[in-house]
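Have the viewer open beside you as you read.

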Amino acid sequence: HAPPAPGERARVGALQNKRVFLATFAAVLGNFNFGYALVYTSPVIPALEHSSDPDLHLTKTQASWFGSVFTLGAAAGGLSAMVLNDLLGRKLSIMFSAIPSAAGYALMAGAHGLWMLLLGRTLTGFAGGLTAACIPVYVSEIAPAGVRGALGATPQLMAVFGSLSLYALGLLLPWRWLAVAGEGPVLVMVLLLSFMPNSPRFLLSRGRDEEALQALTWLRPADADVHWEFEQIQDNVRRQSSRVSWAEAREPHMYRPVLIALLMRFLQQLTGITPILVYLQPIFDSTAVLLPPKDDAAIVGAVRLLSVLIAAFTMDLAGRKVLLFVSGYAMGWGPITWLLMSEILPLRARGVASGLCVLVSWLTAFVLTKSFLLVVKAFSLQVPFFFFAAICLVSLVFTGCCVPETKGRSLEQIESFFSSRRRSFLH
């Protein structure tokens, strides 16, 4: 079979293809939980700092632990994803995350001591780190090339939407009920995912060819050339079936994409996004802004949501790299680093490498989130923000010289680009 013409036809096909969207939606509910849980502390820290209950009253140091321990949980989740991604498969790993997630929310909802808050926070963090490593891989493996950019932005989109929901509910609900409300999306996610197929790539790598073909047929429209795509994936999986040896890990086509992905994640965190979101309300408390801090937090959430929406629609048109250059965090560095990570990592190392990226990302986030409140207390708000601005400049330089453009390429083409050591995609 000759490959179907890319571009327009793929897009039209994707619009007929409601099922990929449904499977993606089911999976990215995990990111919604993640975004929701990440910023849970924003309205809760101010409430607990003024709490009359001596068991729940937070000092600055305790507040910085309550804010940052989530990222340690997320780092642990990223580590376990390195194993679970390839052991249980992408879909079951995402479903598995519901257990720590639900338990964590229950602990925070019923908390009558700091330890319950911290444990709940760590568990929801663990679930977040696990989904952060598994969902982008699942989505990029079920999506057709023409809409992989748009669908690849959905994890970030849902995470931002989750954060916005929390800021908005924070205006209405007391903090215990915020944790109760977090249970809802977790249940919906598990229910929906139980009806969705596994990733065809994962099934093939396990030698379950029949199931893989069924999954792919289910995911594609009736008129798609499923067998052609199936052979492509099969061929790719066959070439990649062996484990990566150390000698091979030192080959440029292995270490370059992994290194680029790692550096992107490291720089993404150094722009300060996590501490800013985690302590959004306390930050607004200490600045002289006209509106009350709770409203400001909700506005920031809304602006982020809008930016990510724009990114989702322009990513397959303008290209990934352009957006990294011209836009702010929510439009560029937020969604695109995640998408590029799932696109450029070599398939054989993808499970382990994406776990490694998440680990690096969250350990960096922990250091920043733990120290942020203390630095602000010791110096002022300007100090961390000037540091974040300097990092943004470094990121621009890095994007210019090291990041490849992946728009409209199949995962197989992206991989052969790194193998052939070319500097850019030449037609």
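Which residue lies over the face of Phe 66?

1. That residue is Arg 121, placed 5.9 Å from the centre of the ring. Please keep in mind as you look around that this is a predicted model.

2. Next, the aromatic rings. The structure holds 7 aromatic pairs. One of them joins Phe 34 and Trp 362 edge-to-face, with 5.5 Å from centre to centre and 70° between the planes. This pair links distant parts of the chain, since its members are 328 residues apart: Phe 34 belongs to helix α2 (residues 18-38), and Trp 362 to helix α22 (residues 350-378). Phe 34 and Trp 362 are both buried.

3. Aromatic residues also gather in a group. Phe 32, Tyr 36, Tyr 105 and Phe 161 make up one aromatic cluster.

4. Is Leu 259 buried, partly exposed or exposed? Leu 259 counts as partly exposed because its relative accessibility is 46%, which falls between the limits of 20% for buried and 50% for exposed.

5. Last, the cysteines. A disulfide is a covalent bond between the sulfur atoms of two cysteines. How many disulfides does the structure hold? The count is 0. Cys 134 has a relative accessible area of 0%, so Cys 134 is buried. Cys 357 also counts as buried, because its relative accessibility is 0%.

Definitions and conventions: Residues numbered from 1 in each chain as written. Predicted model: local features only at pLDDT ≥ 70, side-chain atom pairs only at ≥ 80, totals over all residues. Heavy atoms only, no water. Phe/Tyr/Trp six-rings, centres within 6.5 Å; stacked < 30°, edge-to-face > 60°. Helix = DSSP H or I, 4+ residues; strand = E, 2+ residues; numbered from the N terminus. Buried < 20%, exposed > 50% of the residue type's maximum accessible area, 1.4 Å probe, protein only. Lys NZ or Arg CZ within 6 Å of the ring centre and 35° of its normal. Disulfide = S-S within 2.5 Å.
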